[in-house]
Structure formats: C-alpha cells, structure tokens
Amino acid sequence: MRAYEIVAGSDGLEGLRRCDRPEPTAAAGQVLVRLRAASLNFRDLLIARGKYGGAPVKQAVVPLSDGAGEVVAVGTGVARFRVGDRIAGTFFRDWIAGPAPSGARVALGAPPADGVLAEYAVFGEQNAVLIPAQLSFEAAATLPCAALTAWHALMTIGGVQPGQTVLVLGTGGVSIFALQFARLAGARVLVTSSNDDKLARALALGAAAAVNYRATPDWQHEVLRLTGGYGVDHIVEVGGAGTLGRSIQAIAIGGRIYLIGVLTGVASDVGPHGLMTKYASIHGVYVGSRSMFENMNSAIEVNAMQPVIDRVFEFDQALEAYRHLERRAHFGKIVIRI
Ligand SMILES: NC(=O)c1ccc[n+]([C@@H]2O[C@H](COP(=O)([O-])OP(=O)(O)OC[C@H]3O[C@@H](n4cnc5c(N)ncnc54)[C@H](OP(=O)(O)O)[C@@H]3O)[C@@H](O)[C@H]2O)c1
C-alpha cells in the first residue's frame, strides 16, 4: 500500500518519506480500515523534527494520529463494527472511559503505533468510533486529537455554562474547535490571534471579541477590559511558557485554565500564586477517552456542526501540508485526502 513514514532519527521535515508497506490484515478483534483522509496537529511537526518526547523517533513510523475511513474487513470476534462502517481511530490505544490509565499510553502516529498517513490501517475494535453521519471523511479526520482535546477541556472538565466567558488563544486546530464548542454551550468567546484576517474569521464564526496579540502583547489587560474587569471563566491555554502568566492574570474568580499546549515552549519562571486570591485552577488536559469522543460526536451530529478546514491537500502533497502547518498560515485544520 502507499504510505508515508517518518524515518528513524528524523530531525526535520526531510525525514518524511513516501514508502510502500504491506497491506495490513485484521487479526481477531481488529478492523481493517481503508483510510480516506487524515489531518495534521502541531504534535506531528514535533515528531518529524525529533522534538516529541525530547528525542527523534528510534524506528520508522507512519505519521499522523487523526484519520477517518471505512471498514473493509473485520477480524474474528469483532462486534462493534461491520464492513462499510465509517470510523475514526482513537488517539490513545485502550483509554475507553473514566480516568486515564496510569503509566505510558500508546498514541497513534508515534512509535510504537503506526499512524494514519497510509491507505490502510488496522485498529483494535475498542480503539475506534463511528464518525458523525453528516461529516465527510475530510471533516471527520479532524476530530481525534484537536477536537477531542477542546471538548475534554471545556465540556467534560469545564462544564461550560450559558453566559460564561471562554478565551481561546490563537486560531489553530484546538482553539477553533474550542470556539465552536463554547458557542454550542451558549458561552461568550474571546479570541486572540497574530493576524487580523484570522480574527475577522473568528468573529464571523461567532466570537464576541478579538484581540491581536502581536499588536497588543499585553492582551490580558484587554481581556480584562472586555469582561468589565471580571476576567474569563475558562481559558484554552495552548501557548505554554510565553502565555501562561498572562492567562493567570486574565482568569476570573473561580475560573479554570486548561493547560494544553506548548507553542511558545515549556520552560517558564511564571509562578502559580496569581491563582490563589482568585480561587482559580490550572487543569492539565491530554486528549481524551473513547467515551468522551463518542459524546463529542453525538453533540457534533445533533448540532450539525462542521469542523473548520483551512485547506485539503492531496496524498502526494503531504510535505506541502506539513509546511503549511509550519508556516502557521492556517485557520482551523489542515487535511490530507488519501
Ligand atoms: N494536551 C493535548 O492533549 C493537546 C492536544 C492537541 C494539541 N496540543 C498542543 O496545543 C497546541 C496547539 O495545537 P494545534 O494543533 O491546535 O496547533 P496549530 O493548529 O498548529 O495552531 C497554531 C496556532 O497557535 C497560535 N499561536 C502560536 N503562538 C501563539 C501565542 N504566543 N499566543 C497565542 N496563540 C499562539 C497561532 O494562531 P494565530 O495564527 O491565530 O496567531 C498558530 O497559528 C500545541 O502546542 C499542541 O502540541 C495539546
């Protein structure tokens, strides 16, 4: 089958190579999926650059965690799916429901688990979900990591309520899903971006206010002004070291900061004490369980929600798709058709 792999020791996008691999077969309890689309996450850049987990991959791996396709064969004993079902694999293997399993978790697209930038993949039947009926494969391929992370933060942990305020940082995959879910919950959404055109698109999607963090580096003051000095109830914190201190200043009394991303790095001298007098908290979020994914898909289906796709690349253009992500020119998700 046609596939891509990140070669062992890769420390840049040159490590992404086309390859031919044997078509996998479904063993007992597994389904064989003809993948139709995959989407990129910031994590995939880190893996190719040899920066994920602090070291290059030690063995070649098919990249990308997020993909959707149709079941073309099932192994013996499979009860959850039939041939023809439209499914997506879960980011983590074997986190079905409840708290995350302790210890190392295996996730698609990094050793030891091959990902979905290939014509076929096998998933354990417990590690896949039906995709929302109204979504194309391209749209459904955006869900397993970015959407689920935003859902887990705002809906599973945060329980966002109508009338609350949600701040999303930037206009990448996680943040735009967070904007969409917060709106479904009836919240008022504030968004930051480095780009005024992207801010205009966020406003068109339903954001109530937009702040350019390049033009206004101290954006936390503007957020406080926009909320009458009260601050925001929920912050989808994808910035990391460079934004956390400002997020702590912008959070409301009793508010929650969801620590999700490291776009500006991890090393920081920001102290957490600003949370104390506000009774606020920081909550770590790392994707989510299959059960959360199923709940999210129900909400997407009932609300006829459509993920925001910036651009769809063809399979032969995978490297261009990575470069597009690297340039941060996108708004929402980048997809590769397979
Ligand atoms: N914990 C988890 O489970 C989890 C899951 C998914 C992602 N993540 C992490 O979350 C982060 C975002 O991932 P993604 O896939 O959504 O990335 P993405 O689609 O590549 O989004 C990148 C966008 O973030 C914005 N950004 C960059 N620096 C910023 C800053 N200093 N302040 C505010 N916004 C900034 C930019 O938006 P503008 O162009 O609008 O400025 C940029 O386009 C990454 O660090 C990723 O590793 C974590």
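User: How many residues line the largest pocket?

Analyst: This is a predicted model. Phe-42, Val-238, Gly-261, Val-262 and Leu-263 are the lining residues nearest the centre of the largest pocket. Elements that give two or more residues to this lining include α1 (42–48) and β9 (188–193). By class, the lining has 21 nonpolar, 18 polar and 8 charged residues. The number of residues that line the largest pocket is 47.

User: What lies in the space of the largest pocket?

Analyst: The largest pocket holds about 1200 Å³ of space. That space is taken by the ligand.

User: Which residues come nearest the ligand?

Analyst: The shell around the ligand has 27 residues. They divide into 13 nonpolar, 12 polar and 2 charged. Those that come nearest are Thr-171, Ser-193, Ser-194, Tyr-213 and Val-287.

User: How far from an oxygen atom of the ligand does a polar side-chain atom of Lys-198 lie?

Analyst: The cut-off for a polar contact is 3.5 Å between N or O atoms. A polar backbone atom of Phe-42 is 3.2 Å from an oxygen atom of the ligand, and a backbone N or O atom of Val-174 lies 2.9 Å from one. For Lys-198 a side-chain atom is involved, and its distance to a ligand oxygen is 2.7 Å.

User: What percentage of the ligand's accessible area does the protein cover?

Analyst: On its own, the ligand has 930 Å² of accessible area. The part of this area that the protein covers is 93%.

User: Is the phi of Ala-304 positive or negative?

Analyst: Most residues other than glycine have a negative phi. Ala-304 lies in the loop between α8 (290–302) and β14 (309–313). Although Ala-304 is not a glycine, its phi is about 50 degrees, which is positive.

Methods: Residues are numbered from 1 along each chain as its sequence is written. This is a predicted model: local features need pLDDT of at least 70, side-chain atom pairs count only at pLDDT 80 or more; totals for chains, interfaces and linings use all residues. Side-chain values use heavy atoms; hydrogens and water are left out. A residue is near a molecule or strand if one of its heavy atoms lies within 4 Å of it. A polar contact is a pair of N or O atoms within 3.5 Å; within protein, one must be able to donate a hydrogen and the other to accept it, and residues adjacent in sequence count only if both atoms are side-chain atoms. Accessible areas come from the Shrake-Rupley method with a 1.4 Å probe; for residues, only the protein chains shown count as cover. On a 1 Å grid over the protein atoms alone, a cavity is a set of points where a 1.4 Å probe fits but cannot get out, and a pocket is an open set with protein on both sides within 12 Å along at least five of seven lines; lining residues have an atom within 4 Å of a point. A molecule sits in a cavity or pocket if more than half of its atoms lie within 2 Å of its grid points. Ala, Val, Leu, Ile, Met, Phe, Trp, Tyr, Cys and Pro count as nonpolar, Asp, Glu, Lys and Arg as charged, and the others, Gly among them, as polar. Grid points are joined across faces, edges and corners, and a volume is the space filled by probe spheres set on the points. Helices (H or I, at least four residues) and strands (E, at least two) are DSSP runs, numbered from the N terminus.
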